[in-house]
Structures are given as C-alpha cells and as structure tokens.
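I opened this structure to look up a few things and write them down in order. The entries below are what I noted.

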Amino acid sequence: MTGAEVKTIKVKKGEQVRFRVRSSVAEELHVHGYDLSRPLKPGVTVPVSFKATIEGIFELEFEQSGTPIASLEVQP
C-alpha cells in the first residue's frame, strides 16, 4: 500500500493481518483501534503483521500527513 488509493483488508477475528506499506517520504503508519505504529523511511517497503484480536472497522493512515491508506475490517 502506498496511499495512492484506499484499500480494504478483510480478515476474521483471530487471523493474522499481513500487508506491506511504502511511502515516498518519511512517515509513520498508524493502525487505529490497535494503536499500532511503524516508522517508514522513504522508498522502503515495510512488512506489517499482527493478530486480529478486535472486531470492527479500523483506519490505517500515514499519521503525519493524515492520509488514509486502508480500511481494516475484522469480522467475527
């Protein structure tokens, strides 16, 4: 994911969430609801993986610019 368009990631509760993210500038990835963040260096692809433990719909964004990059849907 690069922020060029907002993607949707759908998983079931208990599954592993996996995606890769890249930014053209120094940024920080933030997964709302999970309070997860990752620093991003320009042009470097960062793999992200965590267990989906909370049901709901959560925004993933480039925190510093406030740019939404994905919607995480965790279903029962």
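I note that the model is a predicted one.

Next I searched the whole structure for aromatic pairs and got two. Tyrosine 34 sits in the loop between E3 and E4, while phenylalanine 50 belongs to strand E5 (residues 46-51); the two are 16 residues apart. I found both tyrosine 34 and phenylalanine 50 buried.

Tyrosine 34 also pairs with phenylalanine 58, edge-to-face, at 5.2 Å centre to centre and 75° between the planes. Phenylalanine 58 is in strand E6 (residues 56-62) and tyrosine 34 in the loop between E3 and E4, so this pair ties together parts 24 residues apart in sequence. I checked phenylalanine 58 as well: its relative accessible area is 11%, so it is buried. I wrote down Tyr34, Phe50 and Phe58 as one aromatic cluster.

**The sheet**

Then I turned to the strands. Which order do the five strands of the open sheet follow? I read E1-E7-E6-E3-E4, with mixed pairing. Strand E1 (7-12) and strand E4 (36-40) are the edge strands, each pairing on one side only. On average, neighbouring strands in this sheet are turned by 15° against each other, direction ignored.

Last, I looked at E3 (residues 27-31) and E4, which run antiparallel and are joined by five bridges. Glutamate 27 stands opposite leucine 40 in E4.

Key. Residues numbered from 1 in each chain as written. Predicted model: local features only at pLDDT ≥ 70, side-chain atom pairs only at ≥ 80, totals over all residues. Heavy atoms only, no water. Pairing = 2+ DSSP bridges. Helix = DSSP H or I, 4+ residues; strand = E, 2+ residues; numbered from the N terminus. Axes fitted to C-alpha atoms, helices over the stretch in contact; angles between N-to-C directions. Phe/Tyr/Trp six-rings, centres within 6.5 Å; stacked < 30°, edge-to-face > 60°. Buried < 20%, exposed > 50% of the residue type's maximum accessible area, 1.4 Å probe, protein only.
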